[in-house]
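Here is a short briefing on a complex. Please look at the model first, then read the points below.

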Amino acid sequence: MVLSARLRKAVALAGRYPVLAGADLDLLPGEILVVRGPNGAGKTSLLRVLAGLLPLVAGEAEVLGLDPTADARALRPLVGLLGHHGGLYDDLTAEQNVRFAAKAARTGEESAKSALLRLGLGGRLAQAPAGKLSAGQRRRLALACLLAKRPALWLLDEPHAGLDAEHRALLDELLAEVAGAGSSVVMASHEEAATAELASRVVSMAGGTVRNGLLPPASTSGAASPPASASGAASPPASASRAASPLAGVEEVQVVA
Amino acid sequence: MWRDAALVAGKDLRIEGRAKVSLNQVGPFALVVLLLFGFAFDQDRPLLVQAAPGLFWVAVLFSGILAVQRSFSVESSDGAIDSLRLSRLEPAGIFLGKVAAVAAQLVVLEALLAVGVVVLFHSRLGGAGLLATSAALSTAGVAGAGVAYGALCIGLRARETLLPLLLAPVLAPVVLSATEAWRSALGLSSGDGWRWLALLGCFAAIYLAGGSVGFGALMEEA
Amino acid sequence: MPQAPAARLSRTRRTPSRLSRALGWAAALALALNVWWGLWLSPPAPSGNSAPPGVVEGQFVRMLYVHPAVATMCYVGFGICALGSIAWLWPRTRSPRWDRLAVAGAEVGAVFCAATLVTGSIWGRASWGVWWTWDARLTLTAILFALSLGYLALRRAVENPHSRSVLSSVVALLMALTVIVDHYATDWFVTLHQGETLFKPDPSVYGWQLATMIVSFVAFGLLGAWLIVHRYRLEELEERYGSLAFYSAVVARRSEGSSLQAGLGEPAGAVGFPRLEGGPSGAVPTRAVAGGEVPEAADIVEPAGLAGPAAGPAAGGNGQQRVGMP
């Protein structure tokens with residue numbers, strides 16, 4: 001069984017401060033993992049480690065079959081990260097931003113166009129400079145840039161922040177679709193209600209470590225193959241959650257129907 | 001790599017075209033610098049004519065520092081550096097693209113400043129071949145060193161003050177050589193200006209090559 | 001790529017050592033000799049009409065016993081910085097030793113560079129009557145000084161030790177290339193341009209003057225070596241204290257979540273850090289982590305130069321003092 005990501009006792013530094021102090025995590029393909037935790041717990045650092053942007057000083061990690069510390073250059077094009085900042089160019093239009101992202105990821109113009117439309121940024125909005133868009137629209141634009149890249153692993157830091165109800169639903173739909181197609185999603189979020197239905201698994205972080213990050217061996221062997229069809233609900237998460245429920249200390253398990 | 005460079009250069013120039021910072025801010029600043037030089041020399045005409053090439057290149061140096069800072073503030077304002085790292089763009093390509101964009105802006109500024117020097121300092125232009133080639137090589141050197149050091153400073157606190165401190169002594173020989181070349185081109189000195197081109201070429205080569213190779217590492221540490 | 005602080009030993013506790021003491025005494029002795037010979041024993045240069053043109057006259061020839069040695073040490077210091085940077089950048093030989101050597105060389109070189117400029121300026125005043133002249137070599141030395149200040153400012157501006165090493169090595173290399181090109185260029189151009197004022201030492205230095213000059217080279221060489229040894233050790237000490245704090249910081253970080261972790265907590269030792277030898281230290285957190293062992297302070301060498309938050313947060317038992325990244 002191939003895990004999307006695997007961290008064992010990962011320690012990472014920001015300057016001289018250990019933002020991750022021994023994190024353990026397993027991630028299956030097609031899973032939507034929600035990471036909760038107080039401010040300062042290390043959620044953003046976890047995402048950056050998975051993206052290959054933050055090297056580890058101790059512990060092991062494997063993301064999409066690559067070592068994020070040693071093979072960062074190979075790993076990074078395969079992941080998409082939505083951080084607190086959107087990574088947008090304020091002076092370019094929405095369309096130009098997404099086109100640049102698509103070209104930089106070598107995924108072609110078509111994916112740029114479709115990404116814009118999928119996030120509801122077609123028409124007049126596409127020609128507006130990114131600096132003039134509202135916060136929610138910028139968030140969606142950043143997501144569009146992410147989508148245009150077609151990554152195998154989505155790493156989202158508070159993606160629902162700033163989005164209204166209609167666009168939250170849009171995002172949830174998009175993520176479910178993406179996960180159904182085999183990509184994994186890791187989402188750091190404070191919002192219980194918004195993510196309750198979406199998540200296939202929830203973990204929490206505190207003090208630079210992850211609680212319940214590991215999957216019991218039974219579930220990892222039970223999920224035989226990564227789901228390739230968009231029709232079925234993600235079966236690995238379902239079996240993972242079923243297997244995980246007898247675990248002591250697991251607060252809640254969400255199943256994506 | 002060249003495709004990536006073209007993409008990044010296009011993006012930077014498109015941003016500049018929209019925001020027009022170089023045109024609206026850096027250009028006038030450079031002209032004001034020339035004016036200040038004029039005041040400082042108390043409008044002493046023969047002296048200004050003699051000093052014009054040096055003053056020109058010092059003004060270009062200042063403008064270059066500003067242009068480089070602008071080039072990188074575009075990236076850091078919304079965390080676009082992370083997006084660049086996560087893309088398939090080759091770091092050397094990103095470097096060359098940024099160098100090309102900064103160099104293009106500098107060329108426009110130099111043309112503007114040349115007009116300013118002619119008007120304000122009553123210089124007479126001549127020796128166009130030497131003027132143009134030395135200007136081209138110096139611009140390449142200034143842009144190359146600028147983008148390399150700019151990437152270095154991008155993640156640091158106090159980067160606005162650190163960049164000029166690092167860049168100015170490094171570019172001092174470029175300014176010196178360019179000045180000498182121009183002085184000989186304008187007939188203000190008796191030396192052979194073409195020899196200075198070799199030195200300028202050296203610097204341009206060092207910084208373009210070194211920057212391309214090292215840009216990946218510099219981007220990482222930002 | 002940053003490495004975790006490895007276990008094992010540096011015996012360094014203070015910067016002096018047998019080597020540095022030997023160097024220090026030798027340097028002091030040589031300097032004293034230099035002063036004695038320079039100021040008293042050696043004769044002043046001929047002055048008046050018999051003096052060759054362009055040569056320092058009279059008492060000022062005594063500058064000969066300071067300036068060339070100091071200038072040479074300046075270049076030696078920067079050369080060490082450049083070589084250390086190259087050695088650090090080369091993956092096969094990468095080791096924190098080279099980075100420490102580089103910064104030691106740069107700082108000592110900067111000091112000697114300032115001394116070169118001052119002594120050169122004094123000498124220039126003596127021989128040409130001006131404090132400064134746009135001589136090629138003087139200008140180059142001034143640029144070199146500015147470059148070194150930039151390098152040192154850069155080192156202070158970067159917090160992450162690994163980034164600091166990478167960035168400063170790259171900058172040191174670029175600066176070394178610039179200086180080499182400048183040096184050859186000035187030599188080249190000086191030979192082309194007649195009429196440039198050139199500083200040439202009196203070619204007819206002999207006898208006591210030559211001997212004293214040699215002594216001065218030895219003296220300043222020893223002084224420079226002594227300074228570099230101390231600076232190197234200082235850097236090593238800073239890194240060592242940094243890695244001590246690293247382990248404390250990790251423990252403190254984990255304990256931020258200890259209330260949530262109760263029942264599921266792992267011993268700190270199980271995180272995979274080497275068991276550290278015990279040793280006396282005050283900078284160790286004393287609060288117990290659920291089921292965990294608190295690492296004792298230990299001697300650590302080859303660390304990644306990490307200095308966690310000061311023992312304050314750890315000892316104070318409040319992991320939230322430092323604003324970490326979420």
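In chain A, strand β1 (residues 5-14) runs antiparallel to β2(A), and 8 bridges join the two. Helices (H or I, at least four residues) and strands (E, at least two) are DSSP runs, numbered from the N terminus. Strands count as paired if DSSP finds at least two bridges between them.

This is a predicted model, in which local features need pLDDT of at least 70, side-chain atom pairs count only at pLDDT 80 or more, and totals for chains, interfaces and linings use all residues. Residues are numbered from 1 along each chain as its sequence is written, while chains are lettered from A and ligands numbered from 1 in the order in which they are written.

**The antiparallel sheet of chain A**

- L7(A) faces L25(A) in β2(A).
- The strands β2-β1-β4 (chain A) form, in that order, an open sheet of 3 strands with antiparallel pairing.
- β2 (17-27) and β4 (56-63) of chain A are the edge strands; each has a single partner strand, so one side of each lacks a neighbour in the sheet.
- On average, neighbouring strands of this sheet are turned by 20° against each other, direction ignored. Axes are lines fitted to C-alpha atoms, for helices over the stretch in contact, and angles run from 0 to 180 degrees between N-to-C directions.

**The mixed sheet of chain A**

- An open sheet of 6 strands has the order β5-β6-β7-β3-β8-β9 (chain A), with mixed pairing.
- Why do β5 (79-82) and β9 (209-211) of chain A each have one side without a neighbour in the sheet? Both stand at the edges, each with a single partner strand.
- Neighbouring strands of this sheet are turned by 20° against each other on average, direction ignored.
- Helix α1 (residues 43-51) of chain A packs on the sheet and touches β3, β5, β6, β7 and β8 (201-206) of chain A. The direction of α1 makes about 155° with that of β6(A). Residues are in contact if their C-beta atoms, placed from the backbone, lie within 7 Å.
- Helix α5 (residues 135-149) of chain A lies across β5 and β6 of chain A, at about 175° to β5(A).

**Strand β7 of chain A**

- In strand β7 (residues 184-188) of chain A, 5 of 5 residues are buried. Buried means that 20 or more other C-beta atoms lie within 10 Å of the residue's own, with C-beta atoms placed from the backbone; exposed means 12 or fewer, and partly exposed is in between.
- Both faces are covered: S184(A), V186(A) and A188(A) lie on one side, V185(A) and M187(A) on the other.
- Strand β3 (residues 32-36) of chain A pairs with β7(A) in the parallel sense over 4 bridges. Here L33(A) stands opposite V186(A).
- Strand β6 (residues 153-157) of chain A also pairs with β7(A) in the parallel sense, over 5 bridges.
- L155(A) has V186(A) as its bridge partner, and L156(A) has M187(A).

**Nonpolar core**

- The largest nonpolar core holds 224 residues, and L50(A) and A144(A) have the most contacts inside it. Such a core is a set of buried Ala, Val, Leu, Ile, Met, Phe, Trp, Tyr and Cys residues joined through C-beta atoms within 7 Å.
- Helix α6 (residues 208-256) of chain C gives the most to this core, with 19 residues.
- Leaving out residues up to four places away in sequence, A144(A) touches V98(A), A115(A), L116(A), L119(A) and L121(A).

- Chain C has 8 helices and 0 strands.
- Of the 326 residues in chain C, 43% are buried.
- 20 residues of chain C contact 21 residues of chain B.
- α5(C) gives the most to the side of chain C that touches chain B, with 11 residues.

**Confidence**

- The predictor gives the complex an ipTM of 0.84 and a pTM of 0.75.
- Chain C has a mean pLDDT of 67, and 56% of its residues reach 70 or more. pLDDT is the predictor's confidence in each residue, from 0 to 100.
- Within chain C, confidence is lowest in helix α8 (residues 311-316), at a mean of 35, and highest in helix α2 (residues 67-89), at 89.
- Where pLDDT is low, the predicted coordinates should not be read in detail.

Notes: Contact = placed C-beta atoms within 7 Å.
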